[in-house]
Amino acid sequence: MTVRVAAVDLGATSGRVMSGRIGGDRVELDEMHRFPNGAVRVRGSLFWDVLGIHREVLAGIREVARTGPLHGIGIDAWAIDHGLLDHDGQLLGQVFSHRDARVEGIAEKVVAQLGASRLYATTGIQQLPFNTIYQLAAARGTAVLDSAETMLLLPDLLGYWLTGAIGAERTNASTTQLYDVRQGVWAVDLCQELGLPEGILPPLRDPGSLLGPLLPDVAEDLGASADVPVVAVGSHDTASAVVAVPAETRDFAYISSGTWSLVGLELDGPVLTEEARLADFTNEVGVDGTIRFLKNVMGLWVLSESLRSWSERRYQGAELGALLAAAAELEPLRTVVDINDSRLLFPSTSADPMPERIAALAAESDEAIPHSPAAMTRCILDSLAVAYRRHVRTAAALAGTSPEVVHVVGGGSQNELLCQLTADACGLPVLAGPVEAAALGNVLVQGRSLGADLPGLPGMRDLVRRSYDVRRFEPRDGLDWAAAEARIP
């Protein structure tokens with residue numbers, strides 16, 4: 001059968017609604033609607049314009065419905081951020097961005113109360129200062145949290161507005177640091193000890209389950225049939241992206257490369273050792289009961305924020321294409337920094353621009369300070385490649401595996417210089433693509449739920465290989481990547 005669906009794929013800097021078609025032994029994507037996204041600063045706080053996002057999602061789905069049959073809708077997005085509903089199902093307040101400064105210092109207090117080892121043994125989640133557990137802890141005593149009846153992560157919130165169905169899809173729920181990764185249930189005891197209202201945690205649902213049909217008024221607005229279902233795909237965008245990794249075996253590492261870089265392995269079960277905790281690796285649920293054992297790396301956010309700063313200062317030649325070409329000609333590994341330093345987390349400002357933060361990190365480590373945009377770009381890409389090398393090797397050692405190839409998917413797979421540096425640094429072939437991996441994974445999970453013949457992850461990945469070409473980058477010798485890695489604390 002032929003299945004045509006709408007795949008909503010939301011990122012921190014842009015969103016898109018794709019028409020996905022499975023049929024004729026291929027999976028195909030057509031972009032129907034793309035829109036910019038970004039946090040809005042109000043009185044010193046950072047919020048998502050979630051109603052604006054919803055408006056754009058509706059516009060995109062409307063376009064898919066206008067141009068052909070619509071059999072289903074799926075939504076994936078970034079993790080951790082959430083809305084709170086009152087007992088009438090209305091959104092309370094604004095949806096904070098995880099980059100908002102209200103969480104500063106909260107993680108240390110929570111860890112001191114619960115214990116780092118216990119937190120990790122229960123949730124398996126990397127210690128990030130903006131995890132949902134810390135956002136909720138920061139909201140203790142506020143009128144919004146005291147009035148909340150339900151917490152919905154962003155894809156679940158948007159799905160609720162389409163269907164009226166309340167729930168939490170597991171791939172995203174597992175990122176909150178409130179999910180027991182071994183038992184597959186909410187870690188209610190953690191909420192109770194922190195004085196958080198555990199009643200706001202909604203029922204859990206598996207990727208591939210149906211939320212329900214569209215609400216009648218939504219269906220009418222979209223010009224769609226009222227029986228079109230919304231499917232709970234792997235609603236964490238990385239979970240969807242990993243579904244579409246065109247791997248032929250399980251012996252692979254992946255990098256989902258975008259605003260964030262998610263570097264890791266696909267495993268059958270979590271790795272909850274003390275060594276994994278100290279290495280700060282995370283165990284997130286994947287589609288079909290898999291575990292995404294990975295490390296969050298700051299990613300191309302650092303470059304995009306630097307580009308924004310240079311644009312505001314009207315630097316000549318500071319366009320991405322020109323900078324990458326110039327960076328490729330510069331001395332490699334001249335400057336490397338810790339690309340995951342917490343000082344790079346927050347948006348660039350005129351008073352505290354991203355390039356100056358990187359220069360300060362270089363100075364602290366006695367690295368050569370990159371003075372030009374091209375040199376700064378080279379520093380960022382070299383530093384990312386060093387981070388990828390470290391985390392691919394660490395993940396393999398912790399999990400007791402030996403990956404044979406690194407798959408790079410997402411927008412960063414188009415960056416040929418970064419892909420080649422990744423191959424060189426990891427000493428493994430890099431297969432780059434597909435670019436729209438998250439949207440593809442979204443479509444594939446929907447398709448299987450709606451009747452397409454896709455027997456498990458191997459069948460989905462085989463369909464991706466038959467539908468999309470990838471570029472191969474072979475590792476080159478000549479640079480001492482181990483020495484470069486040793487220069488980073």
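Which residue stands opposite glycine 74 in E16? It's valine 231, and we'll come back to that pair in a moment.

Okay, some ground rules. What you see is a predicted model, where local features need pLDDT of at least 70 and side-chain atom pairs count only at pLDDT 80 or more, while totals for chains, interfaces and linings use all residues. Residues are numbered from 1 along each chain as its sequence is written, and side-chain values use heavy atoms, with hydrogens and water left out. When I say H or E, I mean DSSP runs numbered from the N terminus: helices (H or I, at least four residues) and strands (E, at least two).

So, back to glycine 74. That residue belongs to strand E6, residues 72-76. In E6, 5 of the 5 residues are buried, so the strand is largely enclosed by the rest of the structure. Buried here means under 20% relative accessible area; exposed is over 50%, and partly exposed is in between, using a 1.4 Å probe and protein chains only.

Who are the partners of E6? Strand E1, residues 3-10, runs parallel to E6 and is joined to it by 5 bridges; for instance, valine 5 has glycine 72 as its bridge partner. Strand E16, residues 229-231, also runs parallel to E6, with 2 bridges. Two strands pair if DSSP finds at least two bridges between them.

Next, a hairpin. Strands E2 (residues 14-23) and E3 (residues 26-36) run antiparallel, with 10 bridges joining them. Serine 14 in that pairing stands opposite proline 36. There are 2 residues between the strands, and glycine 24 in the turn has a positive phi of about 65°.

There's also an open sheet of 3 strands, in the order E4-E5-E9, with antiparallel pairing. E4 (39-42) and E9 (95-96) are the edge strands, each pairing on one side only. E4 and E5 (residues 45-48) share 4 bridges, and arginine 41 stands opposite leucine 46.

Another open sheet has 7 strands, in the order E19-E20-E18-E17-E21-E22-E23, and its pairing is mixed. Its edges are E19 (282-285) and E23 (471-473). From one strand to the next, the twist averages 30°.

Is glutamate 284 buried or exposed? Its relative accessible area is 5%, so it counts as buried. Leaving aside neighbours within four places in sequence, its contacts (heavy atoms within 4.5 Å) include Ile125, His236 and Asn296.

Now threonine 123, in helix H3, residues 116-123. Its relative accessible area is 0%, so threonine 123 is buried too. Its side chain reaches the backbone oxygen of leucine 119 at 2.8 Å. Aspartate 180 is 57 residues away in sequence, yet the two C-alpha atoms are 4.9 Å apart. Beyond four places in sequence, threonine 123 touches Gln177, Leu178, Tyr179, Val181, Leu190 and Asn283.

Last up, helices packing on helices. Two packed helices are described by the angle between their axes and the distance between the axes. Axes are lines fitted to C-alpha atoms, for helices over the stretch in contact, and angles run from 0 to 180 degrees between N-to-C directions.

The axes of H13 (residues 320-328) and H15 (residues 373-399) come within 8 Å and cross at roughly 75°. That makes H13 roughly perpendicular to H15; the cut-offs are under 35 degrees for roughly parallel, over 145 for roughly antiparallel, 65 to 115 for roughly perpendicular, and oblique for the rest. The contact involves Leu323, Leu324, Ala326, Ala327 and Ala328 of H13, and Pro373, Ala374, Thr377, Arg378 and Leu381 of H15. They divide into 8 nonpolar, 1 polar and 1 charged. In that scheme Ala, Val, Leu, Ile, Met, Phe, Trp, Tyr, Cys and Pro are nonpolar, Asp, Glu, Lys and Arg are charged, and the others, Gly among them, are polar.

And the other pair: H12 (residues 301-312) and H14 (residues 354-364) pack at about 120°, with axes 8 Å apart. That makes H12 oblique to H14.

Definitions and conventions
Polar contact = N/O pair within 3.5 Å; in protein donor to acceptor, adjacent residues only side chain to side chain.
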